[in-house]
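Biologist: I am new to this structure and would like a close look at one part of it. Please take me through that part step by step, then show me what else deserves a look.

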Amino acid sequence: MQHNPACRFCNTPLKHTLVDLGMSPLCESILSPEQLNHVECFYPLRVYVCEKCFLVQLEEYVSPEEIFNEYGYFSSYAVSWLQHAKDYTDLMVENYGINSESLVVELASNDGYLLQYFVEKNIPVLGIEPAKNVAKVAIEKGIPTVVEFFGEKLANELVSKGKQADLVLGNNVLAQVPDLNDFVAGMKILLKPQGIITLEFPHLSCLMQENQFDTIYHEHFSYFSFIAVEKILAAHQLTIFDVEELTTHGGSLRIYARHTADTTRPVSVRANELRSREQAAGLTHMETYSAFAEQVKETKRKLLEFLIKVKREGKTVCGYGAPGKGNTLLNYCGIGTDFIDYTVDRNPYKHGKFTPGTHIPIYPTEKIRETRPDYLLILPWNFKDEIMEQQAYIKEWGGQFIVPIPEVKIYS
């Protein structure tokens, strides 16, 4: 009997597969040395497309509580991401009049990497972050943080305490919410009558065009086109009035939304244009989605061909970074210590541990200088320019960089 899950937004049975990446462990479940001999859980990494609302999604195999109670990702370790956050706060102050009278609420506020810039401007803030270990860092920085999952229940509690937001923001959180309707309903409750919502998330169009299959992992329950996200918000009487296309995370959207009843902000030309462009690109036709799987298989073949060739030549390869997307790539391609001696990461939380599924050891970045590898495989390729600049010294011994997505490319 075939198992057909239902769409998490509109409840239509899901019959169409975008891509099947096989079985994979949770991407941030980095292993300690003691865990290496224990059983590891692997879950299907199969992505569906809803034929009615075109939401691309994974089934929920693991609850957010299991994923996010103790979380290995701290936003503050990426320099360019901090700059992105700072630029955003300047923009909101200049263009939308966010000031010391406003309340800014960030959903999934992580370690306070963004709200700290509003605090510097004396703007009242509230972070909402379910991962206790990450929220603790924010609280220590003096950023008020509620350690809970966000939804209608929490929104109602905040409003009953007189907390309604002029600005509700969520960066890379919408994809990580299994109950989309509860989350979006919560934002509507929390938002003042003329407040605005901004959400950033990787753009499905970029994922497909640029072959970014490694951004698919269990922590990301959904993958959004503009068309799909507009439908989801509209169902909760929220209207997207503007959108920006960003370069972050391999190509993201930042949408600006308001209450549908608030007519003070007309829908921009940019929003109308992007909707038309997605329609022209076929994102409302199932045929468009069916070509993606073959593209992904070809990237796997090319990466493995390259690694087999250089290993046969006696060359050494190590990884840079231990991000979630890296773990999807390594597990799907079957790359372990047979190809990569080790990987490094700037986040001390990961040092002395091992990548899930593939068990590649993770060291501090100094290890590169000690072992002088011939190739450095950049796993967080969305930060490749920043990383190649930081690690430019590998050229001293003729070291080269490998960027695996959209297809294998060597930089010397």
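Which residues of helix α5 (residues 152-160) are buried?

Modeller: A word first: this is a predicted model. The buried residues of α5 are Leu-154, Ala-155 and Leu-158. They cover an arc of only 100° around the axis, so they sit on the same side of α5. The general rule fits here. An α-helix has 3.6 residues a turn, so residues three or four places apart point the same way. The other side of α5 carries Lys-153 and Ser-160, which are exposed. What lies over the buried residues of α5? The cover includes β5, β6 (145-146) and α6 (180-190). Just past the end of α5 comes Gly-162, with a positive phi of about 80°.

Now take helix α11, residues 292-312. It has 21 residues. From its first C-alpha to its last it reaches 31 Å, close to the 30 Å expected at 1.5 Å a residue. Its buried residues are Phe-292, Val-296, Thr-299, Leu-303, Leu-304, Phe-306, Leu-307 and Val-310. Seen down the axis of α11, they fall within an arc of 160°, so they line one face of the helix. The face turned away from that buried side holds the exposed residues Glu-305 and Arg-312. After α11 comes Gly-314, whose phi is positive, near 80°.

α11 has a helix partner. It packs against helix α12 (residues 324-333) at an angle of about 80°, and the two axes are 10 Å apart. An angle from 65 to 115 degrees counts as roughly perpendicular, so α11 is roughly perpendicular to α12. On the α11 side, the contact is made by Val-296, Lys-297, Lys-300, Leu-303 and Leu-304. On the α12 side, Leu-329, Tyr-332 and Cys-333 take part. By type, the residues of this contact are six nonpolar, no polar and two charged. Val-296, Leu-303 and Leu-304 are also among the buried residues of α11.

Stay on α11 for Glu-298, which belongs to this helix. At 32% relative accessibility, Glu-298 is partly exposed. Glu-298 and Glu-407 are 109 residues apart in sequence. In space, their C-alpha atoms are 8.8 Å apart.

Another glutamate, Glu-230, is in helix α8 (residues 226-234). Buried means under 20% relative accessible area. Glu-230 has 18%, so it counts as buried. Leaving aside residues up to four places away in sequence, Glu-230 touches Ile-240 and Arg-275.

Some backbone details remain. Most residues other than glycine have a negative phi, and most peptide bonds are trans. Asn-11 is not a glycine, but its phi is positive, about 70°. Asn-11 lies in the segment before β1 (16-24). With 59% relative accessibility, Asn-11 is exposed. Asn-122 is not a glycine either, and its phi is positive, about 60°. Asn-122 sits in the loop between α3 (115-120) and β5 (125-128). Asn-122 is exposed too, with a relative accessible area of 62%.

The last stop is a cis peptide bond, which joins Ile-405 and Pro-406. Its omega is about 0°. Pro-406 lies in the loop between β16 (400-403) and β17 (409-411).

Key. Residues numbered from 1 in each chain as written. Predicted model: local features only at pLDDT ≥ 70, side-chain atom pairs only at ≥ 80, totals over all residues. Heavy atoms only, no water. Helix = DSSP H or I, 4+ residues; strand = E, 2+ residues; numbered from the N terminus. Expected span 1.5 Å × (residues − 1). Buried < 20%, exposed > 50% of the residue type's maximum accessible area, 1.4 Å probe, protein only. Arc of directions from axis to C-beta. Contact = heavy atoms within 4.5 Å. Axes fitted to C-alpha atoms, helices over the stretch in contact; angles between N-to-C directions. Parallel < 35°, antiparallel > 145°, perpendicular 65-115°, else oblique. Nonpolar A, V, L, I, M, F, W, Y, C, P; charged D, E, K, R; others polar.
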